[in-house]
Amino acid sequence: MRIVLLGAPGSGKGTQAKKLVEKYGIPQISTGDLLREAVAARTPLGMRAKEAMEAGQLVTDEIVLGIIRERLSAPDAGKGFILDGFPRNIPQAEALDQMLTGLGMPVQAAILIDVDFDVLMQRLTGRRTCASCGAVYNIFTHPPQLDERCDKCGGELRHRADDREETIANRLRGYTAQTAPLTEYFRRQEKLFTVDGVSDVEDVFDAIDSIVAAVEQEPAPVVEAKPKPEAKPEPKPAGRAPSAGMEPGE
Ligand code: AP5
């Protein structure tokens, strides 16, 4: 499985990625998590990313692509991955396509988790994340049993530094300007699927899981090798067969 989870801040990408990891045992690759780890560890890269993150702006493509290149070349990514928060703009998507085509493992589907902006503010201001295991809660919709402690491991629950109202507004503006155009990018590749992200977490997961099951059944794509100068170019692969019960772009 090689999928991209698309969606605005707070749409539930991280929540759903964790459920996919639990079910399928393939890694979640979250550029947000990787960057937050670098900031917490005070690495040179983290120090460069910190200011943009705290302002709710995107970190430079150079930094993010470096992180992704390294993470995708780790052995566990060879069996598949769930990209969460990457790509975030067209240049990142183009760079990703190039990287994965080179590795012979192109993205199979980009799943947009669609949530109205008026729901997102409450989700983000109420979010709490376990500092030890990364479990995600929401004090309004999915509170922990004990205040500020993780139900799973007892770890301390934290409020993310960029989950303040004014920073959230910046993140949503950035999403509209830079990330939302990716839906068209993946639609043109016939890889875009949309799920209603306002429903209950389990219902959203079921919708995503059926998409995953459908794309997993499709035959592996023919990876086009660069034609040798004297060879005729390969014919372009035919369009994807429609999946049962859903069409890319829905
Ligand atoms: P990142 O960490 O990627 O944040 P984001 O995209 O803004 O997304 P979030 O993590 O805020 O939300 P989510 O969709 O994962 O929602 P969640 O599942 O937690 O990026 C942070 C920053 O890093 C960026 O601003 C940027 O600076 C930098 N960055 C990262 N990637 C980058 C890149 N590629 N290029 C450049 N810069 C980059 O859910 C949210 C809340 O809602 C939770 O409380 C959850 O419990 C609740 N919830 C989830 N689903 C439901 C549901 N169905 N019903 C009710 N509540 C729900």
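These legends walk through several close-up views of one predicted model.

Before you start, note that residues are numbered from 1 along each chain as its sequence is written, and that side-chain values use heavy atoms, with hydrogens and water left out. Since the model is predicted, local features need pLDDT of at least 70 and side-chain atom pairs count only at pLDDT 80 or more, while totals for chains, interfaces and linings use all residues.

**View 1. The whole chain comes before the details.**
Here you're looking at 9 helices and 8 strands; helices (H or I, at least four residues) and strands (E, at least two) are DSSP runs, numbered from the N terminus. Of the chain's 250 residues, 44% count as buried. Buried is under 20% relative accessible area, exposed is over 50%, and partly exposed is in between (1.4 Å probe, protein chains only). The chain exposes about 13,500 Å², and carbon and sulfur atoms supply 53% of that; such areas come from the Shrake-Rupley method with a 1.4 Å probe, and for residues only the protein chains shown count as cover. Now for contacts, meaning heavy atoms within 4.5 Å: among those in the chain with a separation of 6 or more, 71% join residues 24 or more positions apart.

**View 2. The ligand sits in a shell of 35 residues.**
Thr15, Thr31, Gln57, Arg127 and Arg171 come nearest. The shell divides into 12 nonpolar, 14 polar and 9 charged residues. (Ala, Val, Leu, Ile, Met, Phe, Trp, Tyr, Cys and Pro count as nonpolar, Asp, Glu, Lys and Arg as charged, and the others, Gly among them, as polar.) Helix H1 (13-24), helix H2 (31-40), helix H6 (117-126) and strand E6 (136-138) each supply at least two shell residues, and H2 gives the most, with 4.

Look for Arg171, where a polar side-chain atom lies 2.6 Å from a ligand oxygen. A polar backbone atom of Gly10 is 2.9 Å from an oxygen of the ligand, and a backbone N or O atom of Ser199 is 2.8 Å from a ligand nitrogen. Taken alone, the ligand exposes 1,000 Å², and the protein buries 95% of that.

**View 3. Helix H4 covers residues 61-72.**

**View 4. Gln108 lies in the loop between H5 and strand E4 (109-114).**
Gln108 counts as buried because its relative accessibility is 14%. Its side chain makes a polar contact with the side chain of Glu216 (3.3 Å). A polar contact is a pair of N or O atoms within 3.5 Å; within protein, one must be able to donate a hydrogen and the other to accept it, and residues adjacent in sequence count only if both atoms are side-chain atoms.

The peptide bond from Phe86 to Pro87 is cis, with omega near -5°, and Pro87 is in the loop between E3 and H5. Arg42, in the loop between H2 and H3, has a positive phi of about 55° although it isn't a glycine. At 64% relative accessibility, Arg42 counts as exposed. Glu148, in the loop between E6 and strand E7 (157-158), also isn't a glycine, and its phi is positive, near 60°. With 37% relative accessibility, Glu148 counts as partly exposed.

Notes. Near = heavy atom within 4 Å. Expected span 1.5 Å × (residues − 1).
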